[in-house]
Structure formats: structure tokens, C-alpha cells
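Please consult the sequence and the structure shown here alongside the text.

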Amino acid sequence: MTLSVKPAGFAHLDALAALHEAAFDDPWSALALGELLITPGAFALLAERKRSLEAPQEPLGFIFCRAGGGECEILTLAVLPAERRRGVATALLASALREVAARGSGAIFLEVAADNHAACALYERHGFAVVGRRAAYYRRESGGDRDALVMRRALPHATV
């Protein structure tokens, strides 16, 4: 089995929406993702696995970013629940970091639910640090609202 990460475009919107729905309680639609994809500086990367030569690629997760003004924001990172803790998010994040550095970004930001300990640990392992907190940022019908942590990582090799 081979894991690959490739750019995702309009042809992948249904797959991205399905991945987002599997990963989050409040998923983004294919239409919403398409509207984001046409914004300046936006890009998505899709992680897929090929189980055999005959089998089609199997979508496992994606990362969606928007770069501009010397910075980048990770808008979402979604991985199928059954594929978590298997290196998919790490591969997506590493590919995105290379892409945003190549685009000249000097820093990358994201927001993550404060109670999403696995995601927070992933980002910390990749050099992100908490720089802020947004109270009750994530609205949840069950279990109350959740704070968001704002995390940042400098990209020292950027050409800004």
C-alpha cells in the first residue's frame, strides 16, 4: 500500500466533502469547498492510498489552505477516523508546509478546538505554538461550545 499526496481541484470536491463529513460534526459541502478553492491563494492537497495495482486510489484525508500576504492559514485538515494515527495527517501537513514555504509564506496559522488533544499534539510536534484563544468559537449542539486555540509556526526558509 502506498500513500501519496497530490493537489486537489474541482474534480475532487465530492471526495473532499465526503472526507470532511466523515471527520467533523459540522461538515463543509462540496459547494462551500469549491467557493473556497476559487479564492486567491487557496489550495488543497489530497492524501490517497493505492492498495494494489488494480485498485483505484482511496481518498484518506485532505488539507485546505489559503496563502497570501506572506502568511498562510490552514482552513481545515480532515482524515477519515479509521485512518487516524497512521501518518496521513503528518504527510498532509508536511506537504502543505513545503507548499506554503515555496509560495513565500513566512508563517502559517490555524485554529483548532481546544479539546481536540490529538490535533493539538500533531501541530505541536510540527513546531506550532499557541498564540491565542477564541472563546466559544466552535458551536456544538451537543456538549456546548468549544474554545479554539490559535496556533502559529514560523517558516524560516521562506523567501519573503
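The buried residues of helix α1 (13-23) are L13, L16, A17, L19, H20 and A23, where buried means under 20% relative accessible area, exposed over 50% and partly exposed in between, with a 1.4 Å probe and protein chains only. Viewed down the axis of α1, these buried residues fall within an arc of 160°, so they line one face of the helix; the arc is that of the directions from the helix axis to the C-beta atoms. Exposed residues D14 and E21 are carried by the face of α1 turned away from its buried side. The buried residues of α1 pack against β1, α2, β2, β3 and β4, contact being defined as heavy atoms within 4.5 Å. Helices (H or I, at least four residues) and strands (E, at least two) are DSSP runs, numbered from the N terminus.

The model is a predicted one, in which local features need pLDDT of at least 70, side-chain atom pairs count only at pLDDT 80 or more, and totals for chains, interfaces and linings use all residues. Residues are numbered from 1 along each chain as its sequence is written, and side-chain values use heavy atoms, with hydrogens and water left out.

In helix α2 (residues 30-37), the buried residues are A30, L33, G34 and L37. They cover an arc of only 100° around the axis, which puts them on the same side of α2. Their packing partners are β1 (2-8), α1 (13-23), β2 (42-50) and β3 (58-68).

Strand β3 contains G61, which is buried at a relative accessible area of 0%. Not counting residues up to four places away in sequence, G61 touches L19, L45, L46, A47, A78, V79, V88 and L92. One of these, L19, is also among the buried residues of α1. By contrast, G61 and L36 are 25 residues apart in sequence and 17 Å apart in space, C-alpha to C-alpha.

**Strand β5 and its neighbours**

How many of the seven residues of strand β5 are buried? Five of the seven residues of β5 (residues 107-113) are buried, so the strand is largely enclosed by the rest of the structure. Strand β4 (residues 71-79) runs parallel to β5 and is joined to it by four bridges; two strands pair if DSSP finds at least two bridges between them. Within this pairing, E71 has A107 of β5 as its bridge partner. On the other pairing, β5 and strand β7 (residues 146-154) run antiparallel and are joined by seven bridges, and V112 has L149 of β7 as its bridge partner.

A right-handed β-α-β unit is made by β4, helix α3 (residues 88-102) and β5. A crossover is right-handed if, with the strands pointing away from the viewer, the path from the first strand over the helix to the second runs clockwise. The loop between α3 and β5 holds S105, which counts as buried at 2% relative accessibility. A polar atom of the S105 side chain lies 3.4 Å from the backbone oxygen of E71.

**Aromatic pairs**

Rings of Phe, Tyr and Trp (its six-membered ring) pair if their centres lie within 6.5 Å; planes under 30 degrees apart count as stacked, over 60 as edge-to-face and the rest as tilted. By this rule there are two aromatic pairs. The rings of Y123 and F128 have centres 5.6 Å apart and planes at 65°, so this pair is edge-to-face. The rings of Y137 and Y138 have centres 5.0 Å apart and planes at 90°, so that pair is edge-to-face.

| Residue | Relative accessible area | Class |
|---|---|---|
| Y123 | 7% | buried |
| F128 | 4% | buried |
| Y137 | 38% | partly exposed |
| Y138 | 25% | partly exposed |

**Positive phi angles**

Most residues other than glycine have a negative phi. R85, in the loop between β4 and α3, has a phi near 65°, a positive value in a residue other than glycine. At 80% relative accessibility, R85 counts as exposed. A136 has a positive phi of about 50° although it is not a glycine. This alanine, A136, is found in strand β6 (residues 129-138) and is partly exposed, with a relative accessible area of 27%.

Technical notes
A polar contact is a pair of N or O atoms within 3.5 Å; within protein, one must be able to donate a hydrogen and the other to accept it, and residues adjacent in sequence count only if both atoms are side-chain atoms.
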